[in-house]
Amino acid sequence: MRLADVLRTAGVGEGAGHVAFAAPDVSELADPAQAYGASIALRKALAPEVLLAWALNGEPLPVAHGAPLRVVVPGWIGARSVKWLQRITVQQAPSANWFQATAYHLLPADADPDGELPAAALSLSSVALNSDILRPADGAMVPAGPTEITGYAFAGDDREVARIDISIDGGGSWVQADLVGAPSRWAWRHWRAVVELVAGPVTVTARAWDSAAALQPELPEHVWNPKGYVNNSWPSIALTVTGDGNAPTPPR
Ligand SMILES: Nc1nc2c(c(=O)[nH]1)N[C@H]1C(S)=C(S)[C@@H](COP(=O)(O)O)O[C@H]1N2
Ligand SMILES: [Mo]
């Protein structure tokens, strides 16, 4: 069911800003050790996609995935989809739970990951645009000729994957991949492209654009941060392309 229906039935008041979720599982990784918890902005909590779930594909929700009841917050990082839900609190401020207040923050590059949380730390919520190449595998040997490249992309929050570019010359030129199937909100978007490969080493690079015309950052150096969050830089694979297109095809 929708979390929004529960909140409206309970009579969510003006002035509330956040909805906090409490769970029973205690983590020794937290400082101090404490039960898991998180919160989301009330605006998101009232959105129709945010669910309280007790089933998955028509089957009872497995305990490992949060039975008897969990939150599902599509488009946001998994950490906010609290499992084994015990309590929902509508409140002014974000949850003070360690997993909300301290963990899951993107720090400036020069910050100490074990020190006091700097003011410039960003609390992770919406997922950033990302993509990856699924096939061929990185390091594969493929025969020269037309070669299918497949992958997926994900645009966080309520954005959509709008375009995928593929380069086989290190970003000097790009062709557009086909987006496969119908778009489905909150889901991965699969894509495919056929590129003509000639013998030799080839690097295949992909990059995704979203419906706000935002592009993935090019290099991991551009997004480096001490906790290693949100590395959504362009994926690439190195291929060894063998023979010419008329030669017998070696097994893949
Ligand atoms: N109670 C509780 N909920 C939790 C967690 C947890 O440790 N305890 N981990 C969170 C994180 S970080 C993720 S990525 C997702 C994973 O959900 P899944 O196990 O269904 O894939 O659950 C979230 N909800
Ligand atoms: Mo996670």
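**Close-up views of a predicted model**

View 1. A nitrogen atom of ligand 1 is 2.7 Å from an N or O atom in the side chain of D25. Such a polar contact is a pair of N or O atoms within 3.5 Å; within protein, one must be able to donate a hydrogen and the other to accept it, and residues adjacent in sequence count only if both atoms are side-chain atoms. For H65, a polar side-chain atom lies 2.6 Å from an oxygen atom of the ligand. R70 has a side-chain N or O atom 2.7 Å from an oxygen atom of ligand 1. Taken alone, ligand 1 exposes 530 Å², and the protein buries 67% of that (Shrake-Rupley areas, 1.4 Å probe; for residues, only the protein chains shown count as cover).

This is a predicted model: local features need pLDDT of at least 70, side-chain atom pairs count only at pLDDT 80 or more, and totals for chains, interfaces and linings use all residues. Residues are numbered from 1 along each chain as its sequence is written, chains are lettered from A and ligands numbered from 1 in the order in which they are written, and side-chain values use heavy atoms, with hydrogens and water left out.

**View 2. The shell around ligand 1.** Of the 13 residues around the ligand, D25, H65, R70, S81 and K83 come nearest. A residue is near if one of its heavy atoms lies within 4 Å. The shell divides into seven nonpolar, three polar and three charged residues. Ala, Val, Leu, Ile, Met, Phe, Trp, Tyr, Cys and Pro count as nonpolar, Asp, Glu, Lys and Arg as charged, and the others, Gly among them, as polar.

**View 3. An open sheet of four strands.** The order is β10-β12-β16-β15, with antiparallel pairing. Strands (E, at least two residues) and helices (H or I, at least four) are DSSP runs, numbered from the N terminus. Two strands pair if DSSP finds at least two bridges between them. The edge strands are β10 and β15, each pairing on one side only. β10 and β12 share five bridges, and S131 stands opposite A153. β12 and β16 share nine bridges; E148 has V194 as its partner. β15 and β16 share two, with D178 bridged to R192. Eight of the ten residues of β12 are buried, so the strand is largely enclosed by the rest of the structure. Buried means under 20% relative accessible area, exposed over 50%, partly exposed in between (1.4 Å probe, protein chains only).

**View 4. Aromatic pairs.** Rings of Phe, Tyr and Trp (its six-membered ring) pair if their centres lie within 6.5 Å; planes under 30 degrees apart count as stacked, over 60 as edge-to-face and the rest as tilted. The count comes to five aromatic pairs. Y36 and F99 have ring centres 4.5 Å apart and planes at 40 degrees, so this pair is tilted. Y36 sits in β2 and F99 in α3, 63 residues apart. Both Y36 and F99 are buried. W174 and W234 are edge-to-face, 5.2 Å centre to centre, with 90 degrees between the planes.

**View 5. Backbone exceptions.** Most residues other than glycine have a negative phi, and most peptide bonds are trans. The bond from D31 to P32 is cis. Another cis bond joins R135 and P136. D157 has a positive phi of about 55 degrees; D157 is partly exposed, at 25% relative accessibility. A213 has a phi near 60 degrees and is exposed, at 56%.
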